[in-house]
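User: I have a model open and want to work through some of its local features. Can we take them one at a time?

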Amino acid sequence: MTAPSGQNPSNTPLQPPGRFSVFRRVWRRVENGVFLFFFLLIVLYFLLQSPFVQNWLIGKATAFLSEELQTTVRLDKIDVGLFDNVILEGLYVEDLNKDTLLIARELRASLETNFFSILNNRLNFDEITLSGAQLRLKRPAGQAENNLQFILDYF
């Protein structure tokens, strides 16, 4: 006579799970966690490349900078790399007198890949490159500072 499935026949003793099976279960969870982490990174990368998300990022970035700097900031396109690159295309910044301060075809920023600075809500840049840029510096007569100083003071 055979025991129904899922029940132990009376003549075979139950064996407790050994160390090897516990290790195997823990290892399987670690593998699943690592897979999920990389899968989410890939999904995040492709989301950042979609026009909808890029337009949303442009709106948030320009609204934030315009409010913080108390001037007009516009941006045509943003490209966020997987780990450490941000490219801003069609950047326009006005000075406090509503004159054009900076027009750049492209601003490329390489971020320092320090995980702890990101946790502290800080971004450290290794390099910032401007391409096709015009910077219009002016210093009104009788003033000690030029029209770029308010941005330098902010950062």
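User: Which exposed residues sit on the face of H2 turned away from its buried side?
Analyst: This is a predicted model. In H2, the buried residues are Val-53, Gln-54, Ile-58, Thr-62 and Leu-69. They lie on the same side of H2, because they cover an arc of only 155° around the axis. The face turned away from that buried side carries the exposed residues Phe-52 and Glu-67.

User: How many Å apart are the end C-alpha atoms of helix H2?
Analyst: Helix H2 covers residues 51–69, which is 19 residues. At 1.5 Å a residue, the helix should span 27 Å. The model agrees with that: the end C-alpha atoms are apart by 26 Å.

User: Is Asn-97 buried or exposed?
Analyst: Asn-97 is in the loop between strand S3 (85–94) and strand S4 (100–111). Its relative accessibility is 56%. The cut-off for exposed is over 50%, so Asn-97 counts as exposed.

User: What distance separates the C-alpha atoms of Asn-97 and Thr-71?
Analyst: Along the chain, Asn-97 and Thr-71 are 26 residues apart.

User: How many charged residues are in the lining of the second largest pocket?
Analyst: This pocket holds about 170 Å³ of space. Its lining includes Asp-95, Asn-97, Pro-140, Glu-145 and Phe-150. By class, the lining has 3 nonpolar and 5 polar residues, and the charged ones number 2.

Conventions. Residues numbered from 1 in each chain as written. Predicted model: local features only at pLDDT ≥ 70, side-chain atom pairs only at ≥ 80, totals over all residues. Heavy atoms only, no water. Helix = DSSP H or I, 4+ residues; strand = E, 2+ residues; numbered from the N terminus. Buried < 20%, exposed > 50% of the residue type's maximum accessible area, 1.4 Å probe, protein only. 1 Å grid on protein atoms, 1.4 Å probe; cavity = no way out; pocket = protein on both sides within 12 Å on 5 of 7 lines; lining within 4 Å. Points joined across faces, edges and corners; volume = space filled by probe spheres on them. Nonpolar A, V, L, I, M, F, W, Y, C, P; charged D, E, K, R; others polar. Expected span 1.5 Å × (residues − 1). Arc of directions from axis to C-beta.
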